[in-house]
Amino acid sequence: MTKPRMIVTGATGKTGSVVVSELLKAGYPVRALVHREDGRSARLKTEGAEIAVADMSDVERVADALKEVQRAYYCPPTDPYMIQGAAAFAVAAKEARLEHIVGMTQWLASPSHPSLMTRQHWLVDRLFSVIPGVTHTIVRPGFFADDYLVTMGASAQLGILPWMFGDSRNAPPSNEDIARVAVAALIDPARHAGKSYRPTGPELLGAEDIAKAVGRSVGRSVRVVPTPPWLFMKAARMSGYPIDVFSGIRYYIDDHKHGAFELGAPTTDVADVTGRPAEDFETIARRYAALAGNQRTFGNWVRELVRFMLAPLGPGFDLDRYDRELRRPFPSAPQFATDSKVWRRERAVGDSFSRPQSVHGKAPIAAISRS
């Protein structure tokens, strides 16, 4: 019996590339939708994937990519026009008579969040749930383990873990576990249609827990260094991260401090959906520690020391100007996730939840976007 063809958007990304590999291993034909042909797409082609190139907002090319496809993993691009790409995909999915969409979204997704990306995730979730004839599964992780490990080089070489999240905790999942949940939902849509899953790691961790796990993975003591968000933003810009990503992250730092990622965590969704236990944080960290750039060598030490010394001197992102130039819509009463009645209702969070006092409106924007 011929297996259904799957399309994977964001196919060269952190979860998309794993979804492609896992589906190919399971014997499914896979079409990998990418922004451009490069070394990453070439590797997917070598694994056996068919490559399709399209911008998500290009209605006609997306429609072409969905021809003869039955199921889709949709990982939206991180850009201010996410909703346009999702609308194009929804139109194409209906025309192609797609059977099932597994959509990557956010644990924070809510209609009045100050992050445009987070508000758009909420809209995309609802858009896909009403496409006629197409079933839908939502995968909505919180902060990935990957988000804490982008500073692995500083931990390995300098023995520090930059930390911006106060006393809050999280149960961070691996890219691989998130992808495996998506793959399971793609393979068996009858079981997973209409459901939402929140992949997490197996336990809640705070700053000291993460620092100890990272330290064991790199073979040295690692201490937590409280870091102001403006300094983190400077370091991120110096490292080449796009401003689109950090236009949302500046708010997620506050969500983290408010305890949004502690709520309901950890879950058993990874084990329940995939039949495999969720990876613990140290296992994930050891994979990152094994990367060449994180090895404890003299050259890597010099690189990290130079970055550490130069970061305070570099320019930060001018996020307020970025928002003004894009003329982004902003809610009349913006709310972090834990303050949103809609978010709390959808996550089944009672009003008795105790959280740190949050800052409403635009006050945190100026504080976090300091250049």
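**Reading the views.** Exposed means over 50% relative accessible area, buried means under 20%, and partly exposed lies in between (1.4 Å probe, protein chains only). This is a predicted model: local features need pLDDT of at least 70, side-chain atom pairs count only at pLDDT 80 or more, and totals for chains, interfaces and linings use all residues. Residues are numbered from 1 along each chain as its sequence is written, and side-chain values use heavy atoms, with hydrogens and water left out.

**View A. Arg97 and Glu68 each have a positive phi.** Arg97 sits in the loop between α4 (82–96) and β5 (100–104). Helices (H or I, at least four residues) and strands (E, at least two) are DSSP runs, numbered from the N terminus. The phi of Arg97 is near 55°, and Arg97 is not a glycine. With a relative accessible area of 73%, Arg97 is exposed. Glu68 belongs to the loop between α3 (59–65) and β4 (71–74). Its phi is near 65°, again a positive value in a residue other than glycine. Glu68 is exposed because its relative accessible area is 63%. Most residues other than glycine have a negative phi.

**View B. A cis peptide bond joins Ala265 and Pro266.** Omega is about -5° at this bond. Pro266 lies in the loop between α12 and α13 (269–274). Most peptide bonds are trans.

**View C. Arg250 and Asp323 form a salt bridge between two helices.** A salt bridge is a side-chain nitrogen of Lys or Arg within 4 Å of a carboxyl oxygen of Asp or Glu. Here the closest N and O atoms are 2.5 Å apart. Arg250 lies in helix α12 and Asp323 in helix α16, so the pair ties together parts that are 73 residues apart in sequence. Both Arg250 and Asp323 are buried. Side chains of opposite charge can pair when their charged atoms come close.

**View D. Helices α12 and α16 cross at roughly 115°.** Helix α12 covers residues 243–257, and helix α16 covers residues 319–326. Their axes come within 10 Å. The angle makes α12 roughly perpendicular to α16. Axes are lines fitted to C-alpha atoms, for helices over the stretch in contact, and angles run from 0 to 180 degrees between N-to-C directions. Under 35 degrees counts as roughly parallel, over 145 as roughly antiparallel, 65 to 115 as roughly perpendicular, and the rest as oblique. The α12 and α16 crossing is left-handed. That word applies if the near helix is turned anticlockwise from the far one by less than a right angle; right-handed applies if clockwise.

**View E. Helices α10 and α14 cross at roughly 45°.** Helix α10 spans residues 207–218, and helix α14 spans residues 281–289. The two axes come within 8 Å. At this angle, α10 is oblique to α14. The crossing of α10 and α14 is right-handed.

**View F. Arg287 forms a salt bridge with Glu279.** The closest N and O atoms of this pair are 2.7 Å apart. Arg287 is partly exposed, at a relative accessible area of 32%. Glu279 counts as buried, at 16% relative accessibility.

**View G. Glu22 and Lys25 pair within helix α1.** This salt bridge has its closest N and O atoms 3.8 Å apart. Helix α1 covers residues 16–25. Glu22 and Lys25 are three residues apart, about one turn of the helix. Lys25 counts as exposed, with 67% relative accessibility. Elsewhere, Arg5, Arg31 and Glu50 are linked in a network of salt bridges. A search of the whole structure finds 20 salt bridges.

**View H. Ser155 and Val214 come together in space from separate parts of the sequence.** They are 59 residues apart in sequence and 7.3 Å apart in space, C-alpha to C-alpha. Ser155 lies in helix α7 (residues 152–158). Its relative accessible area is 1%, so Ser155 is buried.

**View I. Helix α15 gives the most to a nonpolar surface patch.** The patch has an area of about 990 Å². Helix α15 (residues 298–310) supplies eight residues. Members of the patch include Met238, Phe298, Trp301 and Leu313. Patches are made of residues with over 30% relative accessible area and no salt bridge: like charges are joined within 9 Å, nonpolar side chains (Val, Leu, Ile, Met, Phe, Trp, Tyr) within 5 Å. Accessible areas come from the Shrake-Rupley method with a 1.4 Å probe; for residues, only the protein chains shown count as cover. Leu310, also in the patch, lies in helix α15. Leu310 counts as partly exposed, at 43% relative accessibility.
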